[in-house]
Amino acid sequence: MNRIVGIDLGTTNSLIAVVENKRPRVLERGGQRLIPSVVGRTDDNRIIVGQEALNQYVLAPERTVRSIKRKMGTTEPVKLGDGSHSPEEISAFILRHLKQMAEEILGEKVDRAVITVPAYFNDAQRQATTRAGQIAGLEVVRIINEPTAAALVYGLDQQANQYLMVYDLGGGTFDVSIIEQHGEIMEVRSSHGNVHLGGDDFDERVLQHLLAHLSGEHRYDFKEDRRAMARLVRAAERAKTKLSDAPYAKVTEEFLARYDGQAIHLNTEIGREEFEGMIEDLLDSTIESVHKALGDATLTAEQINRVLLVGGSTRIPRVWELIKSELGIEPSIEVNPDEAVALGAAVQAAIIDGDDVQTMLIDVSPHSLGVEVASIIMGDLVPGFYKPIIRRNTTIPTTKSERFYTISPQQDTVEVSVFQGESQVCVDNTLLGQFKLSGLPPSENPELPREVIIEFSYNLNGVVEVSARDRRGERCEMMTVNAATGKRAASEVETKHHFDPALEQDVARSLKEATTLELELEADGNREDAERLRGARHALEEAHEQGGEKQVREAVEAIEDLIYDLE
Ligand code: AMP
């Protein structure tokens, strides 16, 4: 019999995956793995699905349907051009498209599938999903919950008893679920979320920002111009995505419209912090759901063993930071967040088939990579701080960049020191290389420090290209360093030991204070005291990594006392 496939039938995108050579993989055609969950009817009455339908949406929304998942389980007829369909039928078009794609790629008939649904789907919604499969010619051997599928990928062949939190922020929906794992059995303990919150809302905020910018310069009514709006929507999403890897995004749209015989161009820039400000309230609301889910599961943050990030929008660095600071747990980011659910569905399919499935192997950066920075502390320049640019356990290949400033507006040369490691101070990390960038042009406002963009590009062979350039890219220097690479099993990538969030905050604060003071002492030439403080800091780091709560508390007290004495 042919193998069973796994399908993630998403609100925004759908994917299909299989287990091959004992490992799950997402099927890909023409470089595309994410198939937009969009169905359209062309003007010559053909049904189109995926990217083609998404392209048509802009010009013919009356003949195109998006986000049908929100209507599953209802009997509301959906208009598609002249025809009308049930939500199941629309979903069936997507499923048939995925089935045909899989058949072409695998060269075999595909007629059985595991399909995922959100944990909050009720019985009617689950049945509608099964029927959609049947209409598409698929026997739905099992419907499984999306968070459970994601957990399957991370928890593969792990006999652990643990609690996992799955934070899923996609294009149109958000949910957070708490899963209890007892060996092979995974159960959703609680689930919370908002079915109308996701990347689309972030795009909308960016769009409003762009419109506000344009209305400051032109009196043209963009809202009435469908083509211009479509371009702006696309530009907003592109800018948002860029900001996950870079400190700012340029938005350039030429000949956007004509007004009063003049062409209107858009040419602006959005900074990452500015974008984070635009979506702050939305992200805060997700954290509220996290606490509600914990409350419903009658668990505290300390009882959670791992947090898994699922959904494309979890690539936004602020999401990672918020979870880390709220829960004191470093979220796992190793499995591509768009693919975790589909991969998990494929794993479930293989298990049903009685196949042997092995843990996924992924390429990750085993250490953080970053540069040395200096801070001005109470008027003194204190060098030696470490600023990571690529975080440990990031899937490679990857490219990330950050913006830095010179110490003074006159400074036109920077020395870039590249380090590998996790400590907040450079001396504890490994120096991989150094280079200089000179001739930095003054910033637009000559009274302000000059800007430097530093970019790290990490390839699969462990070669890291580090470049430094000015804002306009007039001056650029780069070097190549060799960093370690590692293949890790998704289920094995270590997660940090964590304690009660209040204690975690104490540890973080003490380490930060100690680091700052240590570098200040060093800068003042007070080697001996700096060395004492470093010893205490290492003791705290060790207790935090390996010790119990009592040792951590003692180490925090010891370092706080020493800081007090030295100050
Ligand atoms: P999903 O529903 O999981 O496929 O997620 C789709 C959403 O993720 C869309 O809103 C995308 O714009 C968003 N997304 C994908 N990649 C990124 C990224 N690098 N940074 C921010 N959002 C992203």
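Biologist: Is E280 buried, partly exposed or exposed?

Modeller: Buried means under 20% relative accessible area, exposed means over 50%, and partly exposed is in between (1.4 Å probe, protein chains only). E280 has a relative accessible area of 46%, so E280 is partly exposed. Keep in mind that this is a predicted model, where local features need pLDDT of at least 70 and side-chain atom pairs count only at pLDDT 80 or more, while totals for chains, interfaces and linings use all residues. Residues are numbered from 1 along each chain as its sequence is written, and side-chain values use heavy atoms, with hydrogens and water left out.

Biologist: How many salt bridges does a search of the whole structure find?

Modeller: A salt bridge is a side-chain nitrogen of Lys or Arg within 4 Å of a carboxyl oxygen of Asp or Glu. The search finds 43. In one of them, E339 meets R33 at 2.7 Å, N to O. This pair links distant parts of the chain, 306 residues apart: E339 is in the loop between α8 (317–327) and α9 (340–352), and R33 is in the loop between β3 (23–26) and β4 (35–36). E339 is buried at 8% relative accessible area, whereas R33 is partly exposed at 30%.

Biologist: Which side chains does R534 meet in salt bridges?

Modeller: R534 meets E518 at 2.8 Å, N to O. R534 and E531 both lie in helix α11, three residues apart, about one turn of the helix. Salt bridges that share partners join D428, E518, E522, R527, E531, R534, R537 and E541 into one network.

Biologist: And how many disulfides are there?

Modeller: A disulfide is a covalent bond between the sulfur atoms of two cysteines. With the cut-off for a pair of cysteine sulfur atoms set within 2.5 Å, the count is zero. As for individual cysteines, C426 is buried at 5% relative accessibility, and C476 is partly exposed at 43%.

Terms used:
Helix = DSSP H or I, 4+ residues; strand = E, 2+ residues; numbered from the N terminus.
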